[in-house]
Amino acid sequence: MKLAFILDPLPRLDPGHDSTVAIMEAAQRLGHEVFVAELQHLSVIEGKAWAKLFPLTLQPVVLEEGLWRAAPDWYEVGAGEWRDLEDMTAVFMRKDPPVTVRYLYATYILELIDPEKTLVINQPQGLREANEKMYTLQFYGVMPETLVSLDKELIRDFVERHQAAVLKPLGGKAGEGILFLEPGDRNFNSLVEISTHQGQEPVMVQRFLPEAKDGDKRIILLDGEPIGAVNRIPTGREFRGNMAVGGRVAPTEITPREREICQAVGPKLRRDGLYFVGIDVIGGYLTEVNVTSPTGIREIDRLGGVSLGERVINWLVARG
Ligand SMILES: Nc1ncnc2c1ncn2[C@@H]1O[C@H](COP(=O)(O)OP(=O)(O)O)[C@@H](O)[C@H]1O
Ligand SMILES: [Mg+2]
């Protein structure tokens, strides 16, 4: 197969952590051709989505003392060439959030790819549909009590009712802008004003789940089915479990309750063409559905001795 990956500049990727690199490595290992491009390499030529594609050769990471070690020169790119993306078997849209206007334009370009010829993972329409915080609300039955508003009084009432809450900017990722709120906080008004940009932008406010101290579980779903999970446990004085803010990763199982959550979410993900997704679950409640560029497979692989990247590639092969 020929596979194209739309991603952030390679020097910014972390080969021992990023799922994108894990999937590209698996593709190479299984004998497929890997190409990369950035957002600025996308164009529409005579009504077709094209990209300046650079062939990629990876030096795979190796497991040393339980951690992935990458060579300093872990990748090599060949000369770029403009190609019709329909020459590819699949295109992986793996640009990291935030979802900017530029990102949205890229999804409109990828939308022009004929799904009969080339599978786009995840589907551009699904990527636009699924703001990572708001999309979760479509599964409210498995979510903790949640409010989305920019109204200070509504937010105050909600926090008073639940005594403790977590505020989340709707466009955030990796723990950015996540705040712990309690009614007695002397900065309460100011925190809400800053987060809502002075009452201009709604934010998500969610009941604080004390179980968060035991971990925020990342479950990876492929085509709507759970294929692996890793727990992220807050460390030190931090209440957020994100790996990006120092969350410690630990092996874990998928519980029956979490399987129920996957069953609630899976069919809709498939319908929306969201084939590769990472959901976050705290204390048996769904808190986030990550669709743009979810991480976790490097950690699941090294803790469990598996290769989720190979699962993804084999799934693609089986789709034919
Ligand atoms: N309802 C909640 N109760 C307690 N902690 C939470 C809650 N929601 C999120 N958190 C903490 O905040 C972190 C980030 O939240 P999340 O909703 O996953 O946003 P993102 O990962 O996009 O920044 C989580 O890893 C978790 O530790
Ligand atoms: Mg998260």
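A polar contact is taken here as a pair of N or O atoms within 3.5 Å, where within protein one atom must be able to donate a hydrogen and the other to accept it, and residues adjacent in sequence count only if both atoms are side-chain atoms. The structure is a predicted model, in which local features need pLDDT of at least 70 and side-chain atom pairs count only at pLDDT 80 or more, while totals for chains, interfaces and linings use all residues. Residues are numbered from 1 along each chain as its sequence is written, chains are lettered from A and ligands numbered from 1 in the order in which they are written, and side-chain values use heavy atoms, with hydrogens and water left out.

The domain assignment, which is automatic or comes from a database, divides the protein into domain 1 (2-121), domain 2 (145-208) and domain 3 (211-312). The centres of domain 1 and domain 2, taken over C-alpha atoms, are 36 Å apart. Ligand 1 lies between domain 2 and domain 3, because both give residues to the shell around it.

That shell, in which a residue counts as near if one of its heavy atoms lies within 4 Å of the ligand, holds 21 residues, and Lys168, Gly175, Asp216, Asn242 and Glu288 come nearest. Strand 12 (165-169), strand 14 (203-207) and strand 18 (276-282) each supply at least two residues of the shell, strands being DSSP runs of E of at least two residues and helices runs of H or I of at least four, numbered from the N terminus.

Among the polar contacts of ligand 1, an oxygen atom of the ligand lies 2.7 Å from an N or O atom in the side chain of asparagine 242, and a polar side-chain atom of lysine 133 is found 2.8 Å from a ligand oxygen atom. A nitrogen atom of the ligand is likewise placed 2.8 Å from a polar backbone atom of leucine 209. Of the 540 Å² of accessible area that ligand 1 has on its own, the protein covers 99%, with areas computed by the Shrake-Rupley method with a 1.4 Å probe.

Backbone geometry was also examined in the loops. The peptide bond from proline 97 to proline 98 is cis, with omega near 5°, and proline 98 belongs to the loop between strand 9 (90-93) and helix 2 (101-110). Isoleucine 121 and asparagine 122 are joined by a cis peptide bond with omega about -5°, asparagine 122 being in the loop between strand 10 (119-121) and helix 3 (124-129).
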